[in-house]
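Work through the exercises below with the structure in view. Each task is followed by a solution in steps.

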Amino acid sequence: MNSSPTRKVVIATAALAALALPLAACSGGSGSSSSGGKVQISYLTQNDAANSAQGKALIQAFEKKYPNITVKMDTQPGGTQGDNLMKTKLSTGSMDDVFHYNSGSLFQALNPKTTMADLSNEAWVKDLDKNFTSVVSVDGKVYGAPVGTSFAGAILYNKKIYDKLGLKVPTTWDEFISNSEKIKASDPNVAPILQSYADTWTSQLLVLGDFANINAQDPKWADNYTNNKGDAKYVNEPAFAGFEHTAEIKSKGLVNKDFASMTNAQAMDALAKGTGAQYPMLSASIATVEQNEPDAVNDIGVFAIPSANASDTSLTIWEPNGIYVSAKTSGDKLDAAKKFVAFVNSPEGCDVQNKTGAAAGPYSISTCKLPSDVPALIGDIQKYIADGKASPALEFLSPIKGPNLETILVAVGSGITPAKDGAAQYDADVKKQAQQLGIKGW
Amino acid sequence: MTTAVAPTGTVRGDKRAERSAKKRKGIRSPYPTWFYIPAAVLFLVFFAVPTFASFYFSLTRWTLFTTQFIGFDNFVQFFQDPALSQAFVNTFIYGFVTSAAKVVLGLALALLLTSPILGRGYLRAVVFFPVLVSTIGVGLTFKALLDPFHGPVNAVLGFLHLPQPGWYTDPNLALLTIAGVDIWKGVGIATLIFMAGIVAIPSEYFEAARVDGAHAWAVFRNITLPLVRPAMGTVIILSLIGGLRSFDLIWAMTNGGPGFSSDVIASVIYKEYQAGFFGLSTAGNVILFVVVTAVMWPVSWFLNRREAEL
């Protein structure tokens, strides 16, 4: 190979250009603003089918109403990977103008006071449900508006199977186990209880969804847990029940055989098709059924995770996610971003949400009303709320949630770790989280 | 015996004298000092500064927004991690299994691919091909192939009435399955290094052996194996370092699961990052750095000493 000096220069230049290109692309982020009287803002949402479809529909309706504003949609993965990306983008100032993210403890971890725009003076704030206001506020300032409905963490079940076997909705854990055993005896091809550890987050429902029951037995539990007081630990009752239940359904052989490699979407399909009877899950997962088996949506009902005593059995409710405006957004863009946030919760925006995001519980803002043809399980959820048998999930009452809960519960639910050891591991994980957050008393 | 030792002693003594002589004169270099400045600046900015910065951040509680100096608390906490003791054991199992398999298989394949066989060039390419593919891609592909219920591998095993193991869902098997995939992917590099080593052996040795009527095994044991030892040292060092700090394949296939059964130090560190414990995970990285150094230093010293004696 003969390399003349000119050739070397050409190669070097090309190499430098190749190196510089991605850098240039990086800095382009939020730079491209108003062009020809038009303002462009960007909106970040999660890359799963349901969220990106909703984002697109909201943007389309918004641009129609405000022809001078264009919205560019960006997506990123959800879950813990998404949490990390959020923090990185906010701390490096490369966050989109408007972004969609969890409310509650995960929202608090984003350091809203310095990274987000204060939305307290927006017109829609007065319409918010009080519970929601508290999970998007820091020091009395509101930073977010809701997207989508609240939802329950409970047991989804196939009503057809329940009808066929003449089963009743269980109100105690023992009834739940005996129902499951009847289902197992009636048809070996139907899994009594579905578990889907290929999506590790799904392993947490029997613990997180049990919180309303803990709260019913000990209303001070969340406070004591946050402040490291008393015996509010997962190794102790009443909180230990969740770990025990996770281990019990596996040891009694009530779980589907392919629990280790099944995904959340596959489990929802199995539930809709009747190859699985019950699934401890978030009611928000009904969106999967609406997309894949729309005819089966009303075959799925929901009941609260049963407690040992029927009188304690209550439903755990998650507040909706929020949309937030980055603190870096200013001027025309800030106005446009605020308009977009307001639009999402205006009657037109609610209409889009009703059409795209499957409603999974009541809305948290009075301007949004559920459509008449909601999935049947919302009726079940509303009944618990009307009866006063519901409580917000622990993550809305305490900033502490150990990051390894899902992994520990996969181990417990697969029979690798005994329930007691798993609970002890999680308490250690919680301690670490509390210390990292700098909470007093740990 | 004594006579045999004496000359080596003098040779070593000579070398030492030479070295100290050099020191006295100052290091003579073919390049002027300014010639080193660009490289030194690069080294400082991209290697030295981040290294020292990470030592500092490992001593802080760091949220990306604020830092707070907390001394050695992070290290204490890292060692209290419930997953860590298993991750330590797994790291060593993974490192040694993959390294050993790459040495044995790499040498065997190198012997095959340096002998006059049909389609040698093509076969060499086939062995090297997995090295070029993205690790994440390989991980996801094998995850699909080895799916315990819907994957083709278990479908074939089922057809043959053989047991169908839960390759990466069985806690006892998950780590070894990943190690197997790692070996498949990485053996090409080992083969390449061994091939270079074998080809570098002067052909006179083999001719002489053949004239003496040596069998294939005798040739391998007495010529190839000793003379390929420098290549073997390189393969062991490279694959052991790679194995001890491996992460991408494990993450793509199991995320360290089921439970913590295929967690290694690197995946525990990554989980700490995900949880937002940036100071804590930096402390983990410092520990990983120390562990890899502590293992590799004696290994590399041992291998190089053997090489020098040959």
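**Exercise 1. State how much space lies in the largest cavity, and find what lines it.**

Step 1. The largest cavity holds about 70 Å³ of space. On a 1 Å grid over the protein atoms alone, a cavity is a set of points where a 1.4 Å probe fits but cannot get out. Grid points are joined across faces, edges and corners, and the volume is the space filled by probe spheres set on the points.

Step 2. The model is predicted: local features need pLDDT of at least 70, side-chain atom pairs count only at pLDDT 80 or more, and totals for chains, interfaces and linings use all residues. Residues are numbered from 1 along each chain as its sequence is written, chains are lettered from A and ligands numbered from 1 in the order in which they are written, and side-chain values use heavy atoms, with hydrogens and water left out.

Step 3. One cavity of 30 Å³ or more is present in the structure.

Step 4. Lining residues have an atom within 4 Å of a point. For the largest cavity they include A:Leu208, A:Tyr234, A:Trp318 and A:Glu395.

Step 5. By class, this lining has seven nonpolar, no polar and two charged residues. Nonpolar means Ala, Val, Leu, Ile, Met, Phe, Trp, Tyr, Cys and Pro; charged means Asp, Glu, Lys and Arg; the others, Gly among them, are polar.

**Exercise 2. Describe the second largest pocket and its lining.**

Step 1. A pocket is an open set of points with protein on both sides within 12 Å along at least five of seven lines.

Step 2. In chain B, two or more lining residues come from each of α4 (84-114), α8 (174-199), α11 (229-244) and α12 (248-253). Helices (H or I, at least four residues) and strands (E, at least two) are DSSP runs, numbered from the N terminus.

Step 3. α8(B) gives the largest share, six residues.

Step 4. Sorted by class, the lining of this pocket comprises nine nonpolar, six polar and five charged residues.

**Exercise 3. Is A:Asn84 buried or exposed, and what does A:Asn84 touch?**

Step 1. A:Asn84 is part of helix α3 (residues 79-91) of chain A.

Step 2. A:Asn84 counts as buried because its relative accessibility is 13%. Buried means under 20% relative accessible area, exposed over 50%, and partly exposed in between (1.4 Å probe, protein chains only).

Step 3. Leaving out residues up to four places away in sequence, A:Asn84 touches B:Tyr273, B:Gln274 and B:Phe278. Contact means heavy atoms within 4.5 Å.
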